[in-house]
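This report describes selected features of one protein structure. Please keep the sequence and the model in view while reading.

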Amino acid sequence: MYNQVFANTTNNVENIVTTVTVKHFYTKSIDTSGWLKVKLDPSNKFAFLCDYTKVIIQKVENDRTYFLIKEGRYANNIASLSNKNAIKCLIDCSRGTGATLTVTNLKRKKEISIIRKQELNQLFADLSFNGNKARITIDSDVDYVETNPLSPYYRQILHSKPLPNGTYNILAPFTAGDKESTDYYRTDPNGYKALAYDTVWFPIEYAPTYNSNFVHVGNLSEGCITCYEIQKWNDLYQYLISNRSDSDGKYVGKLIIG
């Protein structure tokens with residue numbers, strides 16, 4: 001079933017109303033990265049779109065499919081894919097109306113990560129989502145370098161702290177996370193070989209940290225909602241990415257702590 005928007009146009013001379021049907025499609029990465037590489041038009045520069053980004057196909061020309069990006073970082077830009085990839089990566093589906101993540105049972109505990117080979121003072125918790133549960137850490141009690149250029153503390157050394165109890169909006173992914181920060185959770189002998197989408201990080205809207213907190217996979221949290229139970233990440237990712245809670249596609253859902 002197509003996602004359709006109907007628009008009426010009027011011919012003033014003949015006073016005829018014509019209904020135009022706009023078909024929405026959604027992006028899907030060609031691999032398990034969670035990012036679809038597209039070519040922007042007319043610059044021919046490459047861009048990467050997260051899964052389930054809404055697009056409208058404009059035309060098919062010279063073996064390429066051109067489409068209007070409707071939301072996200074590249075909203076209102078025209079991009080294209082080869083026709084072969086467009087068939088695979090522009091899908092006809094629907095999205096959920098908003099994910100809900102609930103964090104409970106917070107408990108501080110020192111534990112050695114067998115993947116990181118490091119003992120950390122974790123603030124563990126249970127994360128409930130879509131009828132499932134995962135063990136997470138929301139703070140690892142560590143020093144870190146602030147990498148968010150929007151923060152006034154950019155490049156400064158800070159100490160991690162958990163998000164306060166409350167309800168937060170979770171944003172759609174904006175840009176890929178650092179592959180070197182998560183790849184070893186798949187490649188390490190103690191890791192999870194089926195781990196996918198590990199560079200897709202979901203920003204949490206929180207003004208005091210300039211949205212520097214994320215929902216992501218890993219065993220180290222600098223104040224993020226970090227999926228410590230690596231085997232649960234793929235399901236958590238699919239639940240989050242397939243939802244949008246607003247008409248502009250800015251948010252995937254909400255996070256409730258406490």
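## Basis of the description

Helices (H or I, at least four residues) and strands (E, at least two) are DSSP runs, numbered from the N terminus. The model is predicted: local features need pLDDT of at least 70, side-chain atom pairs count only at pLDDT 80 or more, and totals for chains, interfaces and linings use all residues. Residues are numbered from 1 along each chain as its sequence is written, and side-chain values use heavy atoms, with hydrogens and water left out.

## Backbone features

Most residues other than glycine have a negative phi, and most peptide bonds are trans. Asn211, in the loop between strand 15 (202-203) and strand 16, has a positive phi of about 60° although it is not a glycine. Asn211 is partly exposed, at 27% relative accessibility; buried means under 20% relative accessible area, exposed over 50%, and partly exposed in between (1.4 Å probe, protein chains only).

Asn76, likewise not a glycine, has a positive phi of about 75°. Asn76 lies in the loop between strand 6 (64-69) and strand 7 (78-82) and is exposed, with a relative accessible area of 63%.

A cis peptide bond, with omega about 10°, joins Asp41 and Pro42. The loop between strand 3 (35-41) and strand 4 (46-50) holds Pro42.

## Nonpolar cores

A nonpolar core is a set of buried Ala, Val, Leu, Ile, Met, Phe, Trp, Tyr and Cys residues joined through side-chain atoms within 4.5 Å. The largest has 42 residues, of which Leu101, Phe202, Val215, Trp233 and Leu255 touch the most other members. Helix 3 gives the most to this core, with six residues. A second, separate core of 15 residues includes Leu49, Val55, Leu81 and Cys89.
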